[in-house]
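Me: I am new to this structure. Please show me how to read its features, one at a time.

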Amino acid sequence: MNSGIISRFFSFGFGLNEEKGAIGPSLIDLLEEGISAFNLSARNVVNPPSLWNLIGFIRERSGSIPFIMSDEEGGPVKRLVPGFTRGISHMGLTEAGPSMAYDMASRMAREASAVGVNVFFSPVLDCNSETANPIIGIRSFSADPHETARFGAEFCRGLHSAGVLTTGKHFPGHGATREDSHLCLPVVDISEKIFRSVHLFPFEKLIGEGHLDFLMTAHIVYPSIDDKPATLSRKILTTIAREELGFTGVIITDCLEMDAMKKIYGIERATVDAFNAGADMILLSHTPELQRRAIEALKGAVEDGTIPMRRVKESLLRIEETREKLSHPDYRAGFSQVLFAPDDLLQKTLAEKSVVIGRNGGDIPLEKNSAIVLVELSPTVTGLNEVEVSSSETRRIVSRFFKIERSYALGYDTPPDKLVALEELVNSSTSLVVITASRGSEQIKPLKETLEKLALKSGKSILISGRDPYDTCTLEAFGASLATFGLLPGSIEAACMAICGELK
């Protein structure tokens with residue numbers, strides 16, 4: 001089997017353990033291998049002009065226009081930083097409104113297209129029906145499949161307006177999990193009826209309306225559908241996606257380096273089984289050695305007949321037909337096109353429109369420049385590599401609105417004896433502001449008793465649920481609560497404005 005053909009079935013990341021943004025040995029090796037799809041990570045991005053130069057290098061050395069792909073959901077899940085408009089999370093967009101979903105996607109796509117990125121791994125079409133979900137949460141538009149489809153369609157329209165191809169993920173739905181597929185293989189035990197009416201619905205709707213160019217698979221098991229993970233399931237990728245829903249675009253796996261695949265099935269088996277199940281492209285985002293093993297595994301499986309030549313031809317045709325959708329500009333003609341700056345006005349509008357003010361028992365507005373005790377719950381690190389604001393940046397923003405008498409940053413695993421000591425910090429004359437960064441509805445529960453004691457002892461208590469919004473329901477003792485659907489600087493600023501009464 002011609003290695004040039006085999007190389008078309010992969011999308012690889014590069015630059016691991018190399019200088020940030022460099023044109024290094026790993027990229028040269030991929031180009032020599034004939035890889036024509038590349039997955040960008042934050043490690044590849046210094047600024048827009050630098051990225052434009054790197055992608056230009058790729059394009060000049062590729063036999064055909066390459067797919068330049070990136071996880072660009074907006075908000076915390078965004079690889080093109082710094083120098084690009086970051087946007088906000090999908091769930092925040094649902095609060096901001098459908099027109100803002102279009103505007104944000106369009107702006108992000110215009111910037112990305114200017115530097116040469118042509119495929120986004122978005123929108124996320126998972127319905128976050130499980131509030132304890134530790135990995136989807138605010139990445140989802142909604143638990144409602146109709147709202148998810150509605151906002152997903154607007155997001156796709158925005159991407160297509162700038163010539164960027166779309167990817168619906170994580171097919172056939174990752175919103176009902178209670179585990180993170182970066183770390184294990186989640187099993188979702190729900191009925192086929194719920195699976196189809198809730199989780200499959202947004203994909204079915206957007207496929208039917210022609211919004212999706214790619215589908216990205218989910219590393220999860222639906223026992224009511226198949227005993228194999230969706231990524232390896234012929235029933236899900238071929239019977240449902242192709243035959244039932246009529247999807248004719250490219251099916252790409254989520255990264256096979258996630259533990260749900262790498263540790264349980266191994267890279268070689270996962271590569272071959274995913275392709276045989278109906279995947280057209282295999283994604284490996286990081287490690288050169290695993291990438292080489294995946295190529296050899298697929299090549300060997302084709303040569304020994306494990307993968308029929310019919311499957312090879314089907315996927316090759318779909319990939320090349322999708323490649324024809326890519327624009328063909330004179331890419332090197334306009335360096336000036338990448339001398340843009342992030343759209344700060346759009347970012348500010350998105351942040352302000354997405355803040356939700358919940359309970360207000362008279363504890364807001366809080367007078368500007370009031371003295372406060374600030375308690376922050378530090379974000380939990382996951383395999384997703386989300387962009388988070390630092391604690392020092394949070395304090396800097398909050399201090400523009402309030403006088404911080406004392407501030408404390410706590411981990412979700414803080415020992416109970418240290419939590420008890422916090423109760424000495426507040427009294428009836430204290431205004432308390434707590435910012436949480438919880439993933440799902442369960443993470444805050446071990447801290448619930450201590451935090452609510454602090455709230456009840458204080459004169460005024462305000463909760464900012466900075467990531468998933470479910471803490472506003474769990475921590476009921478707070479006099480007021482807000483949800484920001486992300487811990488970006490603009491979101492924290494908008495929350496402070498709301499607390500001061502400057503944001504209605």
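Reply: Start with a charge over a ring: NZ of Lys or CZ of Arg must be within 6 Å of the ring centre and within 35 degrees of the ring normal. Here the charged end of Arg311 sits over the ring of Phe275, 4.5 Å from its centre. The model is predicted: local features need pLDDT of at least 70, side-chain atom pairs count only at pLDDT 80 or more, and totals for chains, interfaces and linings use all residues. Residues are numbered from 1 along each chain as its sequence is written, and side-chain values use heavy atoms, leaving out hydrogens and water.

Me: How many aromatic pairs does a search of the whole structure find?

Reply: A pair of aromatic rings is described by the distance of the centres and the angle of the planes. Rings of Phe, Tyr and Trp (its six-membered ring) pair if their centres lie within 6.5 Å; planes under 30 degrees apart are stacked, over 60 edge-to-face, the rest tilted. The search finds 9 aromatic pairs. One of them joins Phe10 and Phe12: it is tilted, with 5.2 Å centre to centre and 40° between the planes. Phe67 and Phe214 also pair, edge-to-face, at 5.6 Å centre to centre and 90° between the planes.

Me: Which parts of the chain does the pair of Phe67 and Phe214 link?

Reply: Helices (H or I, at least four residues) and strands (E, at least two) are DSSP runs, numbered from the N terminus. Phe67 lies in strand S3 (residues 67–70) and Phe214 in strand S8 (residues 214–217). They are 147 residues apart, so the pair links distant parts of the chain.

Me: Is Phe67 buried or exposed?

Reply: Buried means under 20% relative accessible area, exposed over 50%, partly exposed in between (1.4 Å probe, protein chains only). Phe67 has 0% relative accessibility, so it counts as buried. Phe214 is buried too, at 0%.

Me: Which residues of helix H17 are buried?

Reply: In H17 (residues 448–457) they are Thr450, Leu451, Glu452, Leu454 and Ala455. These buried residues pack against helix H16 (416–421), strand S14 (431–436), strand S15 (460–465) and helix H18 (471–474).

Me: Where is Ala176 placed, and what does Ala176 touch?

Reply: Ala176 is in the loop between strand S7 (167–171) and helix H7 (192–199). Ala176 is buried because its relative accessible area is 14%. Contact means heavy atoms within 4.5 Å. Not counting residues up to four places away in sequence, Ala176 touches Cys127, Ser129, Glu130, Asn133, Val188 and His199.
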